[in-house]
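Please look through the chain shown below before reading on. The report that follows moves from the whole chain to its parts.

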Amino acid sequence: MKRFLICLFSFLFVGCSIAGGAVLLSNSSYSDEYRGGDSSNSENDVTKNAPTNDDLWTDSGNYSTSYRFGGGSGTSTNPYIISTPRHLARLAHIVNTSFNNTSYQSAYYIQTANIDLSAHYWEPIGTDYYLGTNANGSFRGHYDGGGYTISGVYTVAGENYQGLFGYVRGASQGSGVSNVTIIESNIQGNNYIGGILGYYYNIGSGFEITNCSFSGSVSGNSNVGGILGYGGPEISDCSFSGSVTGNNSVGGIIGNGFSS
């Protein structure tokens with residue numbers, strides 16, 4: 001089945017969605033805006049107010065200290081439960097720092113309530129920090145948003161690998177991100193910036209992004225996309241509404257993609 005891009009046109013792109021088959025490639029060098037909401041040149045209708053402090057959700061005291069999150073055991077039949085901002089921040093903290101314990105990086109998670117992250121800046125789930133084979137801070141598990149929303153996702157300008165998820169390494173069949181709906185958010189950074197995922201490192205196979213949507217603004221320098229900044233995971237039934245801006249490799253769904 002072919003994957004196709006649907007875009008509604010006015011003077012600017014109004015919205016885009018992607019469905020079924022092989023990964024789309026964006027232009028290698030492109031700069032424009034993809035804007036949803038009203039027809040004015042304002043982003044206030046698609047973003048919350050930025051946090052009033054410089055704290056990160058992964059700073060001590062802001063994330064849950066429970067290794068069980070809201071319950072569950074991290075398996076496909078009994079995933080860890082994510083129901084509060086502190087649970088989601090705990091996921092980012094433990095994935096990004098548990099370099100010698102990959103069980104959390106490869107576990108299953110399910111969201112069971114709407115989550116508002118606007119109180120603090122977001123540090124994406126998964127980093128490029130690498131200490132050798134299987135000793136890195138990348139995400140290789142599966143996150144199911146359950147059809148609930150995540151709002152107020154604000155990242156720090158100037159950083160690489162920004163999104164709800166920052167850095168993902170290809171993993172076994174069944175890994176991926178599904179049913180995630182991000183609204184009223186502002187993802188900003190330097191290189192490899194995406195509304196759902198900043199960077200996919202193609203080792204192994206099976207990682208998929210399915211039935212996900214982002215509404216808000218995404219901006220950076222290069223490899224900037226409304227859903228994915230860079231990489232070639234399977235993407236299906238995903239949509240974007242808002243603005244995407246950058247200087248090189250910019251796309252409404254994928255900034256810079258390749259077939260995995």
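## Confidence and conventions

The mean pLDDT of the chain, pLDDT being the predictor's confidence in each residue on a scale from 0 to 100, is 81, and 75% of the residues reach 70 or more. Over residues 1–45 the pLDDT is below 50, and beyond near neighbours in sequence this stretch has 119 contacts in the model, where a contact means heavy atoms within 4.5 Å.

This is a predicted model, in which local features need pLDDT of at least 70 and side-chain atom pairs count only at pLDDT 80 or more, while totals for chains, interfaces and linings use all residues. Residues are numbered from 1 along each chain as its sequence is written, and side-chain values use heavy atoms, with hydrogens and water left out.

## The chain as a whole

The secondary structure of the chain comes to 1 helix and 20 strands; helices (H or I, at least four residues) and strands (E, at least two) are DSSP runs, numbered from the N terminus. Of the 260 residues, 53% count as buried, a word that here means under 20% relative accessible area, with exposed meaning over 50% and partly exposed lying in between (1.4 Å probe, protein chains only). Among the contacts in the chain with a separation of 6 or more, 78% come from residues 24 or more positions apart.

## The helix H1

Helix H1 (85–97) has 13 residues and reaches 18 Å from its first C-alpha to its last, close to the 18 Å expected at 1.5 Å a residue, the expected span being 1.5 Å times one less than the number of residues. H1 is mostly covered, since 10 of its 13 residues are buried; these include His87, Leu88, Arg90, His93 and Asn96. What covers the buried residues of H1 includes strand S3, strand S4 (108–111), strand S5 (115–116), strand S6 (142–144) and strand S7 (149–151).

## The nonpolar core

A nonpolar core is a set of buried Ala, Val, Leu, Ile, Met, Phe, Trp, Tyr and Cys residues joined through side-chain atoms within 4.5 Å. The largest such core has 48 residues, and those with the most contacts inside it are Leu88, Tyr109, Trp122 and Tyr143. The elements that give two or more residues to this core are strand S3 (80–82), H1, S8, strand S10 (181–188), S12, strand S14 (213–219) and strand S18 (238–245), and H1 gives the most, with 6 residues.

Leaving aside its neighbours within four places in sequence, Leu88 is in contact with Ile82, Ile115, Leu117, Trp122, Ile125, Tyr143, Ile150 and Leu164.

## A sheet of four strands

An open sheet is formed by 4 strands in the order S8-S12-S16-S20, with parallel pairing; two strands pair if DSSP finds at least two bridges between them. Its edge strands, each pairing on one side only, are S8 (165–169) and S20 (254–257). Neighbouring strands of this sheet are turned by 10 degrees against each other on average, direction ignored, where axes are lines fitted to C-alpha atoms, for helices over the stretch in contact, and angles run from 0 to 180 degrees between N-to-C directions.

S8 and strand S12 (residues 197–201) pair in the parallel sense over 4 bridges. Tyr167 stands opposite Tyr199 in S12, and Val168 stands opposite Tyr200 in S12. Because 5 of the 5 residues of S8 are buried, S8 is largely enclosed by the rest of the structure.

## A sheet of three strands

A further open sheet has 3 strands in the order S11-S15-S19, again with parallel pairing. Its edge strands, each pairing on one side only, are S11 (191–194) and S19, and the twist averages 5 degrees from one strand to the next. Strand S15 (residues 222–225) is joined to S19 by 3 bridges, and the two run parallel; Val224 stands opposite Val250 in S19.

## Two residues with positive phi

Most residues other than glycine have a negative phi. Ser249, although it is not a glycine, has a positive phi of about 55 degrees. Ser249 is found in strand S19 (residues 248–251) and counts as buried at 4% relative accessibility.

Asn211 likewise has a positive phi, near 50 degrees, in a residue other than glycine. Asn211 is found in the loop between strand S13 (208–210) and S14, and with a relative accessible area of 44% Asn211 is partly exposed.
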